[in-house]
Amino acid sequence: MIFGPGLDWLSHTLARTEHATSEKIVVLDDGTGLQLQDSGLLYLEPPAGRTNPNNESLIVSAGIHGNETAPIEVLNHLLNELIDGQWQLACPALLILGNPKAMDAGRRFIDVNLNRLFGGVHRKPEYQNFPEAERARLLEDACRAFATKHSANVCHYDLHTAIRPSLREKFALYPFVEGRGIPDGQIDFLLEAEVETLLLQHREGTTFASFSSSELGAESFTVELGKVRPFGQNDLSRFTGIANALRRRLKGEEPPKRDKGSAPITVFEVVHEILNTGDSFQFHVPDDVANFTMYDPGTVIWEDSNTRYTVGDTPEGIVFPNRDVPVGQRVGLMIRPTR
């Protein structure tokens, strides 16, 4: 088998964090091809002639932060099902375990946050010789090659879990692309995955999903699915929504019908990005505050010697608050519901 005796994809990845390639494609009994392109990088191709009913190609990534283990386990289980013949693959797919070294170490990253190195940021001199910079380059190249080969309707779902509690446990971020709207089918997919909150980003970023949106033209989302826990300590019953939705897409099945009276997705937009401005910067949000905590108008969120940011005329929430970032980097995002 492609991973060797007694190994599945996850255990193979953790055992070979440096480099592991297989030029040949291993063919399953039903004709599906699997190619291990590098450690944690697996290309899946249905047999020639099999119908792709949704006319799409999927990139699904997890483990961009190595300690966010539940989505990694979800992807590994789906792949085991496919290999065991429980269902057949309908569309080409690139499955990615993002940062194998950090996964093996049980850490968010080794030297630098991998999810801030995409869109070519990995080429900056200050990131050279870091393993995350090389990994970002490799993942970009793999996604470019995949999107070139399968150019129609590429979708990318980058799966995460959060390091802090959230008042909205599952939510997705939609990268900013000028003039782009959200297709109804993507909203249906998120709701099928039990993701009921969507945050519209306000400018191009350096995340993996932003790269695939901006450069590859993919419909991409960063999907937050719960709380960080070590391998083996995840209650995977809390992730059945995303598992079922991804399995359905990989099988090429139609989405389930939603009841007309079912609740729509809740949409937020970014109204302000908080940056660490230097020595005089003061962040007035507690370290333990949950994502989507709302603040009343007039609340002071941060200030420095030149600026004081207060909540405007309507309540605003905060996501990803983190005061422990270098000068110039993001401390958090202020958001509000769209009207």
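**Close-ups of a predicted model**

**View 1. Leu333 in strand E16 is where we start.** Glu273 has Leu333 of E16 as its bridge partner. Helices (H or I, at least four residues) and strands (E, at least two) are DSSP runs, numbered from the N terminus.

A word on the model: it is predicted, with local features needing pLDDT of at least 70 and side-chain atom pairs counting only at pLDDT 80 or more, while totals for chains, interfaces and linings use all residues. Residues are numbered from 1 along each chain as its sequence is written, and side-chain values use heavy atoms, leaving out hydrogens and water.

**View 2. Here is the largest nonpolar core, with 51 residues.** Such a core is a set of buried Ala, Val, Leu, Ile, Met, Phe, Trp, Tyr and Cys residues joined through side-chain atoms within 4.5 Å. Trp9, Leu44, Leu79, Leu159, Ile242 and Leu246 touch the most other members. Helix H2 (residues 69-83) supplies the largest share of this core, 7 residues. A second, separate core has 25 residues, including Ile64, Val112, Leu117 and Phe211.

**View 3. Arg247 sits in helix H7 (residues 240-251).** Its side chain makes a polar contact with that of Glu81, at 2.8 Å. That term covers a pair of N or O atoms within 3.5 Å; within protein, one must be able to donate a hydrogen and the other to accept it, and residues adjacent in sequence count only if both atoms are side-chain atoms. Although Arg247 and Leu78 are 169 residues apart along the chain, their C-alpha atoms are separated by 6.9 Å.

**View 4. Gln186 belongs to helix H5 (residues 184-192).** Gln186 counts as buried because its relative accessibility is 7% (buried is under 20% relative accessible area, exposed over 50%, partly exposed in between, with a 1.4 Å probe and protein chains only). Beyond four places in sequence, Gln186 touches Cys155, Tyr157, Glu219, Phe221 and Arg249, where contact means heavy atoms within 4.5 Å.

How values were computed. Two strands pair if DSSP finds at least two bridges between them.
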